[in-house]
Amino acid sequence: MKRALNFNAGPAALPEPVLRKAQEDWLNISNTGMSVMELSHRSKPYEEIHNGAISLLKQLLNVSDDYEVLFLQGGASLQFSMVPMNLLTTGKRGYYALTGTWSEKALKEAEKIGDSGIAASSRESNYSFIPSVEDITYENDAAYVHLTSNNTIYGTQWSDFPKLKDVPVIADMSSDILSKEINVNDFGLIYAGAQKNLGPSGVTVVIIRKDLIQENKQLPTMLSYYTHAKNNSLYNTPPTLAIYLLSLVLEWAKDQGGIKSIEETNFNKAKLIYDAIDMSNGFYKGHALKESRSKMNVTFTLPDEQATQAFLKRAKEEGFVGLAGHRSVGGCRASIYNAVPLSHCEQLASFMKDFLASY
Ligand SMILES: *Cc1c(COP(=O)(O)O)cnc(C)c1O
């Protein structure tokens, strides 16, 4: 069996040891004679997995007891709605930093719920950069400031975050959570669909500061953070298989030496590919401005459509998967999340050099 050189944007590569462990557990987890999918979500073996994942995530990201970790469904996309439903109270405004498609979508949902404003934007430049933290603006009616920490489609990433005293910062970290050290205390709420850096699709992680969890009887029960926080994310049947796989990914991250060492590897992985771009004499062009480059999604274009198609065709023959760019940027995109090994990035960088030499 040959594993693909997987550069998919999401769902994306999972660590091979995680898949092997899942295979080992498949028919008989924790000596129950059942697969994880067949366990009651109220049973002790499942509870151990569930609570183990919560505490390991807290440990890896250094989450204090001021925060609650929730495992929800509906993807990051449902958080676009749940954030304003729960936090955007009457008379207040949700301010959004627009840095790409996902932040636009988040704003669009907020507009359905209440009042909103723009905190910053790089829309005019086809989202090729991240606004500076100093340029974030909001009025004193702000319920929160929302940003997208990594722009999966455009390949840009915030390198530092606003530290606001009175207004909670909300971050969609779907495509870079667990990829680098962050200070959770800078945020009121962090959310992430799991399928990029945390596991399979089907579970969404929410890290919310406890003072932001308020009971609101008007809200549908399932859409209230209060419900899920009060019930340890077991109000209804959680996505048990996805949470189990998430727990294995977290174990793997710990085995890698934790976030600090994952961050170093990610730096080296990204450097390999950006160097291939920068040393190509303009044959490959990065979409993102250098200071805003993402270490998770490397976006680049080739001189013309013909070259792009030839590149993608040859890449496919060599076993590379997922390199076609998103239609809003064009060209190519290499998604190099935590689970993509350094060796795959080396192979891609050397393929890029060979292709340039031969084209
Ligand atoms: C993939 C992605 C989403 C959408 O996630 P779903 O789980 O499919 O809803 C939202 N935001 C960002 C930054 C993403 O990368």
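Helix H8 (residues 305-317) and helix H9 (residues 342-358) have axes that come within 11 Å and cross at roughly 130 degrees. H8 and H9 are therefore oblique to each other, and their crossing is right-handed. This is a predicted model, in which local features need pLDDT of at least 70 and side-chain atom pairs count only at pLDDT 80 or more, while totals for chains, interfaces and linings use all residues. Residues are numbered from 1 along each chain as its sequence is written, and side-chain values use heavy atoms, with hydrogens and water left out.

Helices (H or I, at least four residues) and strands (E, at least two) are DSSP runs numbered from the N terminus. Axes are lines fitted to C-alpha atoms, for helices over the stretch in contact, and angles run from 0 to 180 degrees between N-to-C directions. Angles under 35 degrees count as roughly parallel, over 145 as roughly antiparallel, 65 to 115 as roughly perpendicular and the rest as oblique. A crossing is right-handed if the near helix is turned clockwise from the far one by less than a right angle, and left-handed if anticlockwise.

The axes of H3 and helix H4 (residues 101-113) come within 8 Å and cross at roughly 40 degrees. That angle makes H3 oblique to H4, and H3 passes H4 in a right-handed crossing.

Helix H3 (residues 75-87) also supplies the largest share of the shell around the ligand, namely four residues. Of the 13 residues around the ligand (a heavy atom within 4 Å), Ser77, Thr152, Asp172, Gln195 and Lys196 come nearest. The shell divides into three nonpolar, eight polar and two charged residues. In this division Ala, Val, Leu, Ile, Met, Phe, Trp, Tyr, Cys and Pro count as nonpolar, Asp, Glu, Lys and Arg as charged, and the others, Gly among them, as polar.

| Side chain | Ligand atom | Distance |
|---|---|---|
| Ser77 | oxygen | 2.6 Å |
| Asp172 | nitrogen | 2.6 Å |
| Gln195 | oxygen | 2.9 Å |

The protein covers 87% of the 390 Å² of accessible area that the ligand has on its own, as given by the Shrake-Rupley method with a 1.4 Å probe.

Backbone geometry in the loops is described next. The peptide bond from Gly10 to Pro11 is cis, with omega near -10 degrees; Pro11 is found in the loop between strand E1 (5-6) and helix H1 (16-25). Ser30, a residue other than glycine, has a positive phi near 45 degrees and is placed in the loop between H1 and helix H2 (44-61). Asn126 likewise has a positive phi, near 50 degrees, and lies in the loop between strand E4 (115-121) and strand E5 (142-148).

Key. A polar contact is a pair of N or O atoms within 3.5 Å; within protein, one must be able to donate a hydrogen and the other to accept it, and residues adjacent in sequence count only if both atoms are side-chain atoms.
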